[in-house]
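These notebook entries record what I looked up in one structure.

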Amino acid sequence: MLCEKSPAGQLKSLIKSGETIIIPGAHDPLMGRILERMGFKCCQCAGWMTGAHLVTPEPVMTMTEQIEAARKVADHVNIPVISDAGTGYGEPVHIMRTVKEFHKAGIARINIEDQFFPKRASYHRGLEHVVGFDEFMRRIEFALKSREENGADILISGRTDAGNAVNGSWKEAGRRARALKEMGVDSIQPMTRTKDSMERFRQEFPDTDATLSTTTYFNGLPIEEIKAYGFQMISYPLATILASIAGVIDLWKGVQETGVASFDVAKAKEVREEIEDAIGLPDMWEIERQTVEYDNKHLEGRQVAGYEGYNQTEKK
């Protein structure tokens, strides 16, 4: 079922409602579809997780690779998809194209940051750098200009890493947030990953009339506490892919150690059926019952082998 509003329009409505928006990560279409079926109203194709999914670290990933990953998710869900857009992938002319291409891909919001370009891999070990104030403002200026000139229906979020950067400070992060607000971005995303960083940012930027977005990771602050700091949008850019890979590692370590792919039978059935429902298999089965499988239409349910377990009884 298609939504009458554009992805950006849907996201605008969510923001306008004032509700806290939880944004889980989705690195492929199946994850996006599952999250939508779970009731989440938005999801994100974040840079780190896209790079991991493609086995191409984010700092060397191209605009096209990020857009295609986000497009595949957006094509299979009816909820807004947010995507990282790095630094905008270059100078003003490149940034202007970036906005157009993400809009064409059906993305609801992009995040443009103030890191160096080309991006440095050391960011992902905590060695962070940001460009000067004027250069960052120029990036955002031309992103907004591109949206206006091209009639691009897309939200633009300004992200600052200044608070954690070796050449930055939380005072500078507050300064950049104020400038972003004046420029008219749709949301402001300081990289406030901890309680301490949220408190330090809000000391420098206490404004209550801007839409604030933040990220959180495992075992972080509860949603209500994050909300109390004034953040309406809360994204989890790593959780989905880390949890997925953790499950794969645990399963196959078990096979290596015991020779058995151990998995709870009830959970396996539940997950498989959820995947089948998410990708639309039941609808196809119904069409086949009415056509090519008409002679077998009396067969009901899902009769699938593979869950019997070791202690099987032979059918006679």
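**Entry 1. The largest pocket**

I looked up the largest pocket and noted a volume of about 660 Å³. A pocket here is an open set of points on a 1 Å grid over the protein atoms alone, with protein on both sides within 12 Å along at least five of seven lines, and lining residues have an atom within 4 Å of a point. Grid points are joined across faces, edges and corners, and a volume is the space filled by probe spheres set on the points. I note that this is a predicted model, in which local features need pLDDT of at least 70, side-chain atom pairs count only at pLDDT 80 or more, and totals for chains, interfaces and linings use all residues. Residues are numbered from 1 along each chain as its sequence is written, and side-chain values use heavy atoms, with hydrogens and water left out.

I counted 20 lining residues for the largest pocket, of which Met-31, Ile-34, Ser-244, Val-271 and Ile-275 lie nearest its centre. Helix H2 (29–37), helix H10 (239–258) and helix H11 (265–279) are the elements that give two or more residues to this lining. Helices are DSSP runs (H or I, at least four residues) and strands likewise (E, at least two), numbered from the N terminus. H10 gives the largest share, 7 residues. By class I recorded 15 nonpolar, 3 polar and 2 charged residues in the lining. In this scheme Ala, Val, Leu, Ile, Met, Phe, Trp, Tyr, Cys and Pro are nonpolar, Asp, Glu, Lys and Arg are charged, and the others, Gly among them, are polar.

**Entry 2. The nonpolar patch**

I found Leu-30, Val-271, Ile-275 and Ile-279 in a nonpolar surface patch with about 290 Å² of accessible area together. Such a patch joins nonpolar side chains (Val, Leu, Ile, Met, Phe, Trp, Tyr) within 5 Å, from residues with over 30% relative accessible area and no salt bridge. Areas come from the Shrake-Rupley method with a 1.4 Å probe. H11 supplies the largest share of the patch, 3 residues. Ile-275, which is placed in helix H11, counts as partly exposed because its relative accessibility is 32%. The classes are buried (under 20% relative accessible area), exposed (over 50%) and partly exposed (in between).

**Entry 3. Salt bridges**

I recorded 23 salt bridges in the structure, each being a side-chain nitrogen of Lys or Arg within 4 Å of a carboxyl oxygen of Asp or Glu. Arg-71 and Glu-68 meet in one at 3.0 Å, N to O. Both lie in helix H4 (residues 63–74), 3 residues apart, about one turn of the helix. Arg-71 is partly exposed at 22% relative accessibility, as is Glu-68 at 31%.

I next examined Arg-176 and Asp-114, whose closest N and O atoms are 2.9 Å apart in a salt bridge. Arg-176 lies in helix H7 (residues 170–183) and Asp-114 in the loop between strand S4 (109–113) and helix H6 (133–150), so the pair ties together parts that are 62 residues apart in sequence. Both residues are buried.

Arg-159 and Asp-161 form a salt bridge with closest N and O atoms 3.0 Å apart, and both are buried. Shared partners join Glu-58, Glu-113, Lys-119, Arg-159 and Asp-161 into one network of salt bridges.

**Entry 4. The cavity**

I looked for cavities, sets of points where a 1.4 Å probe fits but cannot get out, and the count came to 1 of 30 Å³ or more. The largest cavity has a volume of about 50 Å³. Its lining includes Gln-115, Phe-116, Lys-119 and His-129. That lining divides into 3 nonpolar, 2 polar and 3 charged residues.

Conventions
Patch = residues over 30% accessible without salt bridge, like charges linked within 9 Å, V, L, I, M, F, W, Y side chains within 5 Å. Buried < 20%, exposed > 50% of the residue type's maximum accessible area, 1.4 Å probe, protein only.
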